[in-house]
Amino acid sequence: MRSPRRHPLLVPALLCALAVLVARPAEAAADGEDGRADGDPGISAQVLRLYQDAALATGRYEAGRQEAEAQRARELWFQELLGRERREIAVLHEGLGRIARAQYRDGGGLPLTAQIIFAADPADLMRGQHVFSRTMLAVDNAVEKSRRAEARLAADEARAAAVRQRMERRSAELAALKQDIEQTLEDARWRLQGQADASVAAGSCRGAVRLDQPQPAAEHTWVTPVAAYELSAGFGSGGSHWASRHTGQDFAVPIGTPVRAVGAGRVVKVSCGGAFGIEIVIEHMGGYYTQYAHLAAVTVDQGESVVPGQWIGQSGTSGNSTGPHLHFEVRVTPEAGSAVDPVPWLAARGAPVG
């Protein structure tokens, strides 16, 4: 029997195909881990949506609370009107009683016919009786009018109380919704921070998370690095957390707060390790650099150009951080050790911090 002949190119071809199949998974893994492909915006986008939901819920809750307070003020006004009406009715009743008592004393309790017979001047007596009758009618009319007014005010007060109760129930519902959203937001913030901590521990940043963001205002040349904040540690302050003096200005903000480029420039560094945790450094015209540190996520890549107010990341507490905040520096070189006080630097450019 003849043995089959092997094609001289078959073995090399099979070896090449096997090498390609083995190499592809390794290349894919490299792209996902070190190639800085775009990151998944899932948790970052959720945090921003929850920020918006929380702001909306807070606004609706505050509007409902203010309306309920206005309704309570209207109730107090109704109660004051009722009190005034009741006092007027009491005065009328007292006046009517005085008239009746005086008439009884003057007439001695006699019937009107007997009073006419025994009266010294029957004409005067009849005039007095006519005046008394008109007075009684006027008092009765006033009393009846006041009673009708009191009934209307009491009905209005009851309706106002019912409206207030509905408003208070609605306010309670809005408060519960607000609390639920804020709790969900807090949970999402810490999941975002967990991803940041994992990146810092691995020393490898996720790729830029691309988020829908508002168009930066064209009229602003310089802005503060966050829109709303509380100032914490300032430039040059001392403490056990720094080797010498604090080299930037800290802005206390919750995890996930959008961080903005303070001015136009180019991203020269995106890093995920060391004391600053996740950080971004931007080069600006005039030889200045700004640093944004302790981030939870970045939304730009190294080499990318940015405009004033553009979101470049989300705040966090990565690296050597005692709590959620943004550490912001202004430098004359891209590296640490050349910082200048950022507060007057921003103020001189029309972006006061305070």
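Lys269 and Glu335 form a salt bridge in which the closest N and O atoms are 3.9 Å apart; the term denotes a side-chain nitrogen of Lys or Arg within 4 Å of a carboxyl oxygen of Asp or Glu. Because Lys269 lies in strand E4 (residues 265-272) and Glu335 in the loop between E9 and strand E10 (339-340), this pair ties together parts that are 66 residues apart in sequence. The model is predicted, so local features need pLDDT of at least 70 and side-chain atom pairs count only at pLDDT 80 or more, while totals for chains, interfaces and linings use all residues. Residues are numbered from 1 along each chain as its sequence is written, and side-chain values use heavy atoms, with hydrogens and water left out.

**Salt bridges**

- Lys269 is partly exposed at 22% relative accessibility, and Glu335 is partly exposed as well, at 46%; buried means under 20% relative accessible area, exposed means over 50%, and partly exposed lies in between (1.4 Å probe, protein chains only).
- The whole structure contains 11 salt bridges.
- A salt bridge also joins the side chains of Glu304 and Arg210, at 3.3 Å from N to O.
- This pair links distant parts of the chain, 94 residues apart: Glu304 is in the loop between strand E6 (288-298) and strand E7 (305-306), and Arg210 is in the loop between H4 and E1.
- Arg210 has a relative accessible area of 38% and is therefore partly exposed.
- Lys178 pairs with Glu182, their closest N and O atoms being 3.0 Å apart.
- Lys178 and Glu182 are separated by about one helical turn, because they are 4 residues apart in helix H4 (residues 122-202); helices (H or I, at least four residues) and strands (E, at least two) are DSSP runs, numbered from the N terminus.
- Glu182 counts as partly exposed, with 34% relative accessibility.
- A network of salt bridges links Glu62, Arg65 and Glu69.

**Disulfide**

- The structure has 1 disulfide, a term for a pair of cysteine sulfur atoms within 2.5 Å.
- Cys205 and Cys272 form this link, with their sulfur atoms 1.4 Å apart.
- Cys205 lies in the loop between H4 and E1 and Cys272 in strand E4, so the pair ties together parts that are 67 residues apart in sequence.
- The link is right-handed, with 115 degrees about the S-S bond, and both Cys205 and Cys272 are buried.

**Strand pairing**

- Strand E1 (residues 230-231) and strand E2 (residues 249-252) run antiparallel and are joined by 2 bridges; two strands pair if DSSP finds at least two bridges between them.
- E2 is also joined by 3 bridges to strand E9 (residues 326-331), again in an antiparallel arrangement.
- Phe251 in E2 stands opposite Leu231, and the bridge partner of Phe251 in E9 is Leu326.

**Cavity**

- The structure holds 1 cavity of 30 Å³ or more; on a 1 Å grid over the protein atoms alone, a cavity is a set of points where a 1.4 Å probe fits but cannot get out, and lining residues have an atom within 4 Å of a point.
- The largest cavity has a volume of about 70 Å³, a volume being the space filled by probe spheres set on the points, which are joined across faces, edges and corners.
- Residues lining the largest cavity include Cys205, Arg206, Cys272 and Ile278.
- E6 contributes the largest share of this lining, 3 residues.
- The lining divides into 7 nonpolar, 2 polar and 1 charged residues; Ala, Val, Leu, Ile, Met, Phe, Trp, Tyr, Cys and Pro count as nonpolar, Asp, Glu, Lys and Arg as charged, and the others, Gly among them, as polar.

Definitions and conventions:
On a 1 Å grid over the protein atoms alone, a cavity is a set of points where a 1.4 Å probe fits but cannot get out, and a pocket is an open set with protein on both sides within 12 Å along at least five of seven lines; lining residues have an atom within 4 Å of a point.
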